Amino acid sequence: MEGKTSKWLLVKQRYKDVLRGYWDVCNPEVYVQMLRNPTFRVFTLLKRRLKKSDRGWTEGFLNSGGLEVLLEAVDVFSCRRVTKIPEALRLLECVFCIERLVNSKLGISFLIENDSHIKKLVKG
């Protein structure tokens, strides 16, 4: 019986490794789609991906509407009163993702070229 338990633990760990690796190679459009129903996990995965991403991936994310979806998420989260720790953490992770984007040359250039985003940031 004990051999079966350790075997399933090994399978479970391999499954997690595969999923972890999968998100590291997803194209930007997948992340934008996942952000339409954002969870804390999605934001943490995105934050990690933005940290490791090259110019091409970041450009694809921005051109796929990634920044717009992130700004909309902040708008939705901040309209409600944040009373629970998980909600606050989700909002913070979202803000960290936006920060990663606009702290890059590519992100700030995209933001300047699309001044409607600046209006959203100033409004919020």
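User: In this predicted model, is Glu59 buried, partly exposed or exposed?
Analyst: Glu59 has a relative accessible area of 33%. Buried means under 20%, and exposed means over 50%. The value for Glu59 falls in between, so the label is partly exposed.

User: Is Glu93 buried or exposed?
Analyst: The cut-off for buried is under 20% relative accessible area. Glu93 has 8% relative accessibility, so Glu93 counts as buried.
That residue also forms a salt bridge. Glu93 pairs with Lys47, the closest N and O atoms being 3.2 Å apart. The label for Glu93 is buried.

User: How many residues apart are Glu93 and Lys47?
Analyst: Glu93 sits in helix 6, and Lys47 sits in helix 3. The pair links distant parts of the chain. The separation is 46 residues.

User: Within what arc do the buried residues of helix 6 fall?
Analyst: The buried residues of helix 6 are Leu91, Glu93, Cys94, Cys97, Ile98 and Leu101. Seen down the helix axis, they line one face, because they fall within an arc of 160 degrees.

User: Which helix gives the largest share of the nonpolar patch?
Analyst: Phe40, Ile85, Leu89, Leu92 and Phe96 form this surface patch. Leu89 is partly exposed, at 39% relative accessible area. The largest share, 4 residues, comes from helix 6.

Key
Residues numbered from 1 in each chain as written. Predicted model: local features only at pLDDT ≥ 70, side-chain atom pairs only at ≥ 80, totals over all residues. Heavy atoms only, no water. Patch = residues over 30% accessible without salt bridge, like charges linked within 9 Å, V, L, I, M, F, W, Y side chains within 5 Å. Areas by Shrake-Rupley, 256 points an atom, 1.4 Å probe, with all protein chains shown as cover. Salt bridge = Lys/Arg side-chain N within 4 Å of Asp/Glu carboxyl O. Helix = DSSP H or I, 4+ residues; strand = E, 2+ residues; numbered from the N terminus. Buried < 20%, exposed > 50% of the residue type's maximum accessible area, 1.4 Å probe, protein only. Arc of directions from axis to C-beta.
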